[in-house]
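Thanks for asking me to look through this one with you.

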Amino acid sequence: RSTIFSMFTRTKCCSIAGMMKPSMAEANSGLSYKKFVHFALEETKKHTQLIPSSLQENFNCLKAIDGKTELEMHSFGSSNIRLLRSLSVEGSDGMQVLDFAIFPRPEFDLPIFCANFFTTAVMNIIVVNVFRDLNPLHDVISRQDYKEKYYKHLIPLGLKYAELLPWGGRITTESMKFFSPIIIWTKFPPSEQKHHVLYSAFEDYLKSWLELMDQASMETDVSQIMLNLESQHRYLTWRAEKDPGHQVLRRLVGETHAKEIIRSFLFNGVDDLGSKTFVDYFPEYKSEDGTINQKRSMIGKSFESRPWDATGEFIGNSIT
Ligand code: BLA
């Protein structure tokens with residue numbers, strides 16, 4: 001197995017103790033995402049025994065090509081979590097990134113937890129979501145059961161934060177397939193007050209997810225497990241191909257290493273949890289020569305405002 005670190009200077013940025021030390025970027029802005037990761041690990045450990053993932057060997061911390069920006073990675077598993085992983089980036093220019101996700105084991109019919117934060121000196125782009133195969137554009141009716149099971153009691157939480165962290169405007173239309181009624185999608189110029197709101201949203205969403213995890217029982221029905229597996233694989237396939245963060249990662253560490261981080265670490269499972277390909281799941285991206293259309297969106301951006309009502313009912317226009 002190739003190691004991506006041979007080309008980079010290893011740094012001691014990955015210890016939990018180190019995470020609490022003020023870094024350059026933190027000293028600059030006071031708005032680091034490291035405390036989010038620290039909270040997530042501590043809180044999750046209260047609910048399940050986290051075991052370091054074998055990915056930690058190859059993916060821990062590294063310096064980017066610029067010699068200054070640090071990428072820090074953590075990964076764990078547990079009896080009910082297939083993979084909890086985080087990537088945080090602190091750029092010397094004030095750029096801050098967090099990509100945090102928890103992928104349950106397919107034996108548990110649980111949503112994926114995801115928090116994605118991308119911050120520059122002038123803008124924060126924020127997505128916090130709890131995703132289950134809830135496809136508002138195609139399948140509201142048959143997925144009503146998921147909504148009852150996972151989102152109904154979380155709707156008040158979603159509404160609270162929809163007000164504090166308002167809808168961020170038009171987004172890649174295809175992404176909506178992966179968004180739940182309680183998603184937080186927001187954009188704002190850096191602000192200490194908003195950063196605090198975001199932190200409490202992250203705490204509340206993660207705690208809610210951990211409660212769902214506590215309640216989930218292990219599935220024995222093989223066909224249900226296969227459905228969970230495919231739903232997770234479809235999500236990984238989408239993000240491994242079209243996530244908006246790829247370009248930034250390529251700029252930071254170069255094409256080859258970015259690809260390795262994306263396919264083996266961030267969206268680990270994309271190459272082994274299922275055999276379907278990207279165009280099997282998303283045939284509209286198939287170009288005439290059979291390759292994947294490089295566009296991020298075939299439809300373009302839409303949904304100027306939040307497309308769910310206060311009960312979590314999808315009210316956007318169907319676009320297919
Ligand atoms: C922008 N990131 C966005 C946007 C969304 C997301 C919705 C708004 C623009 C758009 O609609 O594409 C996030 N989209 C998601 C997520 C899912 C999805 C989480 O479909 C899940 C299914 N973002 C990151 C990381 C980086 C990053 C790790 O999560 C950088 C390393 C960067 N996100 C980033 C950048 C933009 C962005 C640069 C603006 C680019 C653009 O608008 O096209």
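1. Which residue does the side chain of D243 meet in a salt bridge? The partner is R239, with an N to O distance of 2.9 Å. Please keep in mind as you read that this is a predicted model. D243 counts as buried because its relative accessibility is 15%, under the 20% limit. R239 is buried as well, with a relative accessible area of 6%. Salt bridges with shared partners connect R85, D99, R239 and D243 in one network.

2. R85 and D99 form a salt bridge through their side chains, at 2.8 Å from N to O. R85 sits in strand β4 (residues 81-90) and D99 in strand β5 (residues 96-104), so this pair ties together parts that are 14 residues apart in sequence. Both R85 and D99 are buried.

3. D204 is partly exposed, at 22% relative accessible area. K160 also counts as partly exposed, with a relative accessibility of 43%. A search of the whole structure gives ten salt bridges.

4. Now to the ligand. It is surrounded by 19 residues, and the closest are N116, T172, S175, P244 and R296. For R296, a polar side-chain atom lies 2.4 Å from a ligand oxygen. For S175, a side-chain N or O atom is 2.6 Å from an oxygen atom of the ligand. K301 has a polar side-chain atom 3.3 Å from a ligand oxygen. The ligand taken alone exposes 830 Å², and the protein buries 88% of that.

5. I171 is in strand β8 and counts as buried, at 8% relative accessibility. Leaving aside residues up to four places away in sequence, I171 touches M176, F179, W185, G300, K301, S302 and F303. T173 lies in the loop between β8 (171-172) and β9 (184-188). Is T173 buried or exposed? T173 counts as buried because its relative accessibility is 0%. The T173 side chain reaches the backbone oxygen of G300 at 2.5 Å, and G300 is also among the residues that I171 touches.

6. On the surface, V122, M123 and I125 make up a nonpolar patch, with about 240 Å² of accessible area together. M123 is in the loop between β6 (112-119) and β7 (124-131), and M123 is partly exposed, with a relative accessible area of 31%.

7. Finally, the overall numbers. The protein has ten helices and ten strands, and 56% of its 320 residues are buried. Of the contacts between residues at least 6 apart in sequence, 68% join residues at least 24 apart. The accessible surface comes to about 14,500 Å², and 53% of that belongs to carbon and sulfur atoms.

How values were computed: Residues numbered from 1 in each chain as written. Predicted model: local features only at pLDDT ≥ 70, side-chain atom pairs only at ≥ 80, totals over all residues. Heavy atoms only, no water. Helix = DSSP H or I, 4+ residues; strand = E, 2+ residues; numbered from the N terminus. Buried < 20%, exposed > 50% of the residue type's maximum accessible area, 1.4 Å probe, protein only. Polar contact = N/O pair within 3.5 Å; in protein donor to acceptor, adjacent residues only side chain to side chain. Contact = heavy atoms within 4.5 Å. Patch = residues over 30% accessible without salt bridge, like charges linked within 9 Å, V, L, I, M, F, W, Y side chains within 5 Å. Areas by Shrake-Rupley, 256 points an atom, 1.4 Å probe, with all protein chains shown as cover. Salt bridge = Lys/Arg side-chain N within 4 Å of Asp/Glu carboxyl O. Near = heavy atom within 4 Å.
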